[in-house]
Amino acid sequence: MSARQRGRGRGDRRRPRNRAAQGDSLVGQRLTLDIEDVAQGGHCVARHDGRVVFVRHSLPGERVVAEVTDGGTGSRFLRADAVEILTASPERRPSPCVYAGPGLCGGCDWQHTSARFGRELKTRVVREQLQRLAGIEWDGEVEAVPGDEEGQRWRTRVEFAATPRGRIGLRRHRSHDVVPVDDCLITVPEIAATGLLGEVVETGVTGVDVAVDSAGEVVAIDLPIRRSSSGGGSAAEDAAHRDPVPNVTETVHVAGRGDRDFAVSARGFWQVHPGAASTFVTEVLDRLRPQPGERVLDLYSGVGVFTAFLADAVGTDGRVLGLEGDARAVQDGQGNLAGLPQASLQRADIGRDGWQSAIDDGLDTVDLVVLDPPRTGAGREVIGEITARQPRAIAYVACDPAALARDLSYAADAGYGVTSLRAFDAFPMTHHVECIAILSRVGES
Ligand SMILES: C[S@@+](CC[C@H](N)C(=O)[O-])C[C@H]1O[C@@H](n2cnc3c(N)ncnc32)[C@H](O)[C@@H]1O
C-alpha cells in the first residue's frame with residue numbers, strides 16, 4: 001500500500017471574482033519571476049508583489065520574463081506565459097512542436113520538457129492534491145502507460161477546429177481562437193496520414209472530429225455551425241446535423257483474460273490513449289479480484305468496458321450492473337454485453353433525484369463497485385450512496401486528482417480508506433493524469 005491517510009482536508013471552492021473586482025488590467029505587462037513549484041492545471045507558481053502568478057511554459061527553478069495573460073490590479077492571482085527564459089531548468093528542451101508556446105495551441109502543457117519529467121511534474125501535483133484535500137500522503141509515482149515512455153503519437157481522438165476561412169487547427173489556450181496546424185505531434189500517425197491537417201475545409205464547418213480505432217480505421221466527422229432555432233443554415237448544414245454518427249470498434253486486450261471488442265460512437269467517450277483502457281481494466285481487476293458469484297456495480301460505465309470484463313470474472317452466478325447517463329452509450333453498451341446474461345447496462349443520471357432506485361432494481365447486494373466519473377468527480381451524495389451499501393472494495397478511476405482527493409475524503413468519512421493508488425500518464429505532454437484508487441472498509445484491507 002503506497003498511500004497513507006492522515007486526517008482530512010477540504011476543497012477550497014472560492015467564486016471567481018468579477019471583472020470590476022479585477023481592477024485595471026495587467027494583461028501584456030512583463031514581469032521577471034522566479035518559478036517555484038508546479039501546480040495543478042499545466043503551469044508553475046511564482047509570486048509577484050505578494051500575489052500568486054500561474055506561469056505557463058515555465059519549469060520549476062527557472063527565472064523567466066513572463067507576460068501577463070489574465071488578471072488586473074485587484075485580482076487574487078494572475079496568469080502569465082513565460083516569454084523569455086533567463087535561467088533555464090536542466091529539464092528544459094526545445095519544444096519539438098512548433099505550435100506549443102506562448103500564445104499558440106493550448107493542447108499541450110509540457111512539450112518544453114521530456115515525457116519523463118512531465119510524469120515527475122504530475123507526480124508532484126497528484127501528491128499535493130491528495131495531501132491538501134484528503135490528508136493522504138502518497139509516495140507513488142505517475143507511471144507511463146506500458147510501451148509509451150516518449151509520450152508522442154498516442155492520441156486517437158481529437159476535435160480539430162476550423163478558422164473562419166476553413167483552415168484546420170487547434171484552439172489557443174483558454175480561447176476560442178484557432179491556431180492552424182499542419183501536424184499535431186501527440187496524435188497517432190494515422191491522423192497526419194489523412195491529409196486533413198493543413199487543409200482548407202468548407203466554410204460553414206466549425207471543426208472536424210477525428211477518431212482512429214484499434215484497427216487504425218479513421219472516421220472524420222465535420223462539425224457544422226450550430227444553427228439558431230430560427231433556422232437560416234444551408235442544406236449541407238442540415239444534412240450534417242441529420243447524419244447519424246457512425247460507430248468504431250475498439251479492442252481491449254487484458255493479459256490472461258483475452259480480447260473484447262466494443263462498439264462506440266466515433267464521438268462518444270473512449271479513452272484517447274490506445275493503451276489506456278487495457279491498462280485501467282487490468283489494474284481494476286488485479287486489485288478488486290472479483291470472485292465468481294459476486295455482485296458488482298459499474299457506475300459511469302460508458303459502453304461497458306469494465307462491465308464486460310467484470311461479468312467474465314463473476315461468471316453466470318454473479319451479476320454486474322452498469323449505469324450510464326448517455327443514451328447512445330447505453331444502447332451501444334447493451335450490444336457490447338450480448339452473450340453475457342449476468343451483465344446489464346441501464347440508463348441513469350447518477351446523482352439526480354431517485355437514481356439509486358436503478359441499483360435497488362438491479363442488485364440485491366453490492367460486493368464491489370467501480371466508478372469512473374467525469375472530471376467533476378462523483379461528489380458526496382454518490383460516495384455516500386455507494387459506501388452505504390457496504391461493498392468489500394471500491395475502484396475509483398479518476399481523471400481529475402483534485403476531484404478524486406475530495407471524494408476520497410468523503411469516503412473516509414464513511415469508513416472507507418485507500419488501500420492502493422496508482423497514477424498513469426494516459427495524456428502525455430498535457431497536465432492530465434488518470435488515477436486509480438482502491439478503497440476498502442477501514443480495518444479490512
Ligand atoms: C470517464 S467516462 C468513463 C466511461 C467508461 N467507464 C469507460 O472507461 O469507457 C465517464 C462517463 O460518465 C458518463 N456520465 C457523466 N455524467 C453522468 C451522470 N450524471 N450519470 C451517468 N453517467 C454520467 C459519461 O457519459 C461518460 O460515459
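The shell of residues around the ligand divides into nine nonpolar, four polar and four charged. In this predicted model, 17 residues surround the ligand, and the closest are Tyr 300, Gly 302, Gly 325, Ile 350 and Asp 372. Two of these names, Tyr 300 and Asp 372, return in the UniProt record, where an unreviewed entry places the feature "binding site" at Gln 271, Tyr 300, Glu 324 and Asp 372.

Asp 372 sits in the loop that runs between strand β20 (368-371) and helix α8 (380-388). Because 24 C-beta neighbours fall inside 10 Å, Asp 372 counts as buried, the cut-off for that class being 20 or more. Leaving aside residues up to four places away in sequence, Asp 372 touches Tyr 300, Phe 306 and Val 397.

Gln 271 is found in the loop between strand β16 (258-265) and helix α4 (276-288). Gln 271 has 24 other C-beta atoms within 10 Å and is therefore buried. Its contacts, again not counting residues up to four places away in sequence, are Ala 276, Ala 277 and Ala 426.

Gly 335 belongs to helix α6, made up of residues 327-336. With 14 other C-beta atoms within 10 Å, Gly 335 is partly exposed, a class that lies between the limits of 12 or fewer for exposed and 20 or more for buried. From Gly 335 to Leu 299 there are 36 residues in sequence and 18 Å in space, taken C-alpha to C-alpha.

On the scale of the whole chain, the domain assignment gives domain 1 (19-101), domain 2 (157-225) and domain 3 (249-441). The centres of domain 1 and domain 2, taken over C-alpha atoms, are separated by 29 Å. Four residues from domain 1 and four residues from domain 2 take part in the contact. On the domain 1 side, the residues that touch domain 2 comprise three nonpolar, no polar and one charged.

The UniProt record also lists, in an unreviewed entry, "domain: TRAM" for residues 24-84. In the model, the span 24-84 is 0% helix and 57% strand, and its end C-alpha atoms lie 25 Å apart.

How values were computed:
Residues are numbered from 1 along each chain as its sequence is written. This is a predicted model: local features need pLDDT of at least 70, side-chain atom pairs count only at pLDDT 80 or more; totals for chains, interfaces and linings use all residues. UniProt positions are given in the numbering used here, feature names are shortened, and annotations may be inferred rather than shown by experiment. Helices (H or I, at least four residues) and strands (E, at least two) are DSSP runs, numbered from the N terminus. Two residues are in contact if their C-beta atoms, placed from the backbone, lie within 7 Å. Domain bounds come from an automatic or database domain assignment. Ala, Val, Leu, Ile, Met, Phe, Trp, Tyr, Cys and Pro count as nonpolar, Asp, Glu, Lys and Arg as charged, and the others, Gly among them, as polar. A residue is near a molecule or strand if its C-beta atom, placed from the backbone, lies within 6 Å of it.
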